[in-house]
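Trainee: Please take one part of this chain and go through it closely, together with what surrounds it. I would like a single connected account.

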Amino acid sequence: MTASHATAADTPTSAGTSVRKISVLLYSDDRTTRDAVRVNVGRRPARDVEVATWRECATAAAVIEAVESASFDVLVLDGEAAPVGGLGLCRQLKSEIFQCPPVLVLTGRPQDGWLATWSLADLAVPHPLDPIALAAAVAELGRRGRPTAS
């Protein structure tokens, strides 16, 4: 992908603080996992971060096509997806996509943190999903914004 990404939109609120509106791509072959992530993150994972759009993908091919053709602020990839796991997909995206957005991987268990490091993920949250940790991770990555060309 050669096109540069714009930064996430910031909109002022009535209190004078700005809210960063982010777009999130969510990959899992399991609909219940995708539903759990969306519900746990919610519309406002933090006071200053709002999820404006979700794009759900059930296959690795759909993820690659989406990332190549659209801009996302955060990618959430399920490491337990089959047949292509989110950890291997993360490593592929980080290696092949110019200015890949920040990636949150969902690992199978807390001990799989080393796999998240291998995959080049920016953050990892283990199953079973903790709603507070999941929302905080999405908000943190959303605040970072998309990489920009220097």
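Mentor: A residue counts as buried when its relative accessible area is under 20%, as exposed when that area is over 50%, and as partly exposed in between. By that rule, buried residues account for 43% of the 150 residues in the chain. The model is a predicted one. The part to look at is helix 3, residues 86-96, with the segments on either side.

First, the setting. The chain has 5 helices and 6 strands, in the order β-β-α-β-α-β-α-β-α-β-α from the N terminus. Of the contacts between residues at least 6 apart in sequence, 66% join residues at least 24 apart.

Now the helix itself. Its buried residues are Gly86, Leu87, Leu89, Cys90 and Leu93. Viewed down the axis of helix 3, these buried residues fall within an arc of 160 degrees, so they line one face of the helix. The face turned away from that buried side carries the exposed residues Ser95 and Glu96. The cover over the buried residues of helix 3 includes strand 2 (18-27), helix 2 (60-69), strand 4, strand 5 (103-107) and helix 4 (113-118).

Strand 4, one of the covering elements, spans residues 74-78 and holds Val76. Val76 has a relative accessible area of 0% and is therefore buried. Beyond its neighbours within four places in sequence, Val76 is in contact with Val24, Leu25, Leu26, Tyr27, Val37, Leu104, Leu106 and Val138. Val125 is 49 residues from Val76 in sequence, and their C-alpha atoms are 10.0 Å apart.

Next, the loops that flank the helix. Between strand 4 and helix 3 lies the loop that contains Pro83. Ala82 and Pro83 are joined by a cis peptide bond, with omega about 5 degrees. Most peptide bonds are trans, and most residues other than glycine have a negative phi. Gln99 is not a glycine, yet its phi is positive, about 55 degrees. With a relative accessible area of 12%, Gln99 is buried.

Leu120 sits in the loop between helix 4 and strand 6 and is partly exposed, at a relative accessible area of 40%. A cis peptide bond also joins His127 and Pro128, with omega about -10 degrees; Pro128 is in the loop between strand 6 (123-126) and helix 5 (131-144).

Conventions
Residues numbered from 1 in each chain as written. Predicted model: local features only at pLDDT ≥ 70, side-chain atom pairs only at ≥ 80, totals over all residues. Heavy atoms only, no water. Helix = DSSP H or I, 4+ residues; strand = E, 2+ residues; numbered from the N terminus. Buried < 20%, exposed > 50% of the residue type's maximum accessible area, 1.4 Å probe, protein only. Contact = heavy atoms within 4.5 Å. Arc of directions from axis to C-beta.
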